[in-house]
Amino acid sequence: KAKKMAKASSKVNNAAVLGAGIMGGGIAYQSAYKGVPIVMKDIAQPALDLGLSEASKISAKLVERGRSTPAKMAKVLNSIVPSLDYSAISSAEVIVEAVVENENVKAAVLKETESHVSEDAILTSNTSTISIDSLAENLQRPDKFCGMHFFNPVHKMPLVEVIRSKHSSEETINKVVGYATQMGKTAIVVNDCPGFFVNRVLFPYIGGFNNLVADGADITQVDKVMEKQFGWPMGPAYLLDVVGIDTAHHCQGVMAEGFPERMQQPSKDLVKAMFEANRYGQKNNLGFYRYE
Ligand code: NAD
């Protein structure tokens, strides 16, 4: 019984997300949907409006498919509190930083956040490529910080990587794993290194795809085999379009730098060529495929 009570008291009741973009909007929606009210903070009103409209779209789809009711969805949307002001996050127990992927911006945002929340609050970063150890260096309470890496689209992807820095306390990791679980996700705890877990598996696979194409394979044929015949949800080219080829290009560079011997550069770098041709995938309707 004591254990049960300890578990119940460690539940997160108030959260905050910094950044209302693709990820921040998705994180806000998922937290609210699973009953944890969340403040969504950005620096610009149009960004907040976009985050909220994304959450409404996901909600509307669920209602349309008969998987939720308008009343439940109104409650969910009401528990996302948009704000341009740090004062709104003062009672958050867990804060997920999901601003642009720029180390200087993240460092400044995390530092500022620390001064607006309680001493017990836990800060996390949703970064895909920046070292959690190095973000921790800049903080007053590095033991209360770790990575919390979601995948896009947040409401559909089941995994969250919880990244332990050299300084993260066990209590911090447990609380963040608990919050991910409250959000209906499966959390894995990993050490800090380039690519964490998923991208260390994913980018060698993308490299393999790249080499196949450099050797003369047809892109759509590779996708067809992986998806229709092998049975994966999608092939590598379509996956890159979903992830965003600009994001993939950046991440591929970070992986090559982190693991120079293992991540050999292919003779023809397809991801780089697509990036240089401004073909970013679904986000600009043109990648390996066209989207209208
Ligand atoms: P995005 O560009 O869609 O959104 C970023 C948001 O941050 C914008 O709304 C911007 O206004 C806001 N912002 C910028 N500076 C801010 C500040 N000082 N305070 C508050 N908000 C600020 O980016 P995104 O794709 O949502 O990515 C956000 C983070 O999530 C990045 O670190 C990225 O690496 C990571 N991530 C992205 C994906 C993905 O597939 N897009 C997946 C996993 C992790």
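**Exercises on a predicted model**

**Exercise 1.** State how the axes of helices H9 and H10 are placed, and classify their crossing.

Solution. In this predicted model, the axes of helix H9 (residues 219–229) and helix H10 (residues 236–243) come within 7 Å and cross at roughly 95 degrees. Angles of 65 to 115 degrees count as roughly perpendicular. H9 and H10 are therefore roughly perpendicular to each other.

**Exercise 2.** List the residues through which H9 meets H10, and sort them by class.

Solution. From H9, the contact takes Ile 219, Val 222, Asp 223 and Met 226. Their counterparts in H10 are Pro 236, Ala 237 and Tyr 238. By class, the residues of this contact are 6 nonpolar, no polar and 1 charged.

**Exercise 3.** Give the order of the strands in the open sheet and identify its edges.

Solution. The sheet has 8 strands in the order E3-E2-E1-E4-E5-E6-E7-E8, with mixed pairing. Strand E3 (80–83) and strand E8 (186–191) each have a single partner strand, so one side of each lacks a neighbour in the sheet. On average, neighbouring strands are turned by 25 degrees against each other, direction ignored.

**Exercise 4.** Describe the pairing of E7 with E8.

Solution. Strand E7 (residues 159–164) pairs with E8 in the parallel sense over 6 bridges. Val 162 stands opposite Val 189 in E8.

**Exercise 5.** Characterise the shell around the ligand.

Solution. The ligand is surrounded by 26 residues, the closest being Gly 19, Gly 21, Met 23, Ala 47 and Asn 152. Sorted by class, the shell has 15 nonpolar, 8 polar and 3 charged residues. Helix H2 (22–33) and helix H5 (103–114) each supply at least two residues; H2 gives the most, with 3 residues.

Definitions and conventions:
Residues numbered from 1 in each chain as written. Predicted model: local features only at pLDDT ≥ 70, side-chain atom pairs only at ≥ 80, totals over all residues. Axes fitted to C-alpha atoms, helices over the stretch in contact; angles between N-to-C directions. Helix = DSSP H or I, 4+ residues; strand = E, 2+ residues; numbered from the N terminus. Parallel < 35°, antiparallel > 145°, perpendicular 65-115°, else oblique. Contact = placed C-beta atoms within 7 Å. Nonpolar A, V, L, I, M, F, W, Y, C, P; charged D, E, K, R; others polar. Near = placed C-beta within 6 Å. Pairing = 2+ DSSP bridges.
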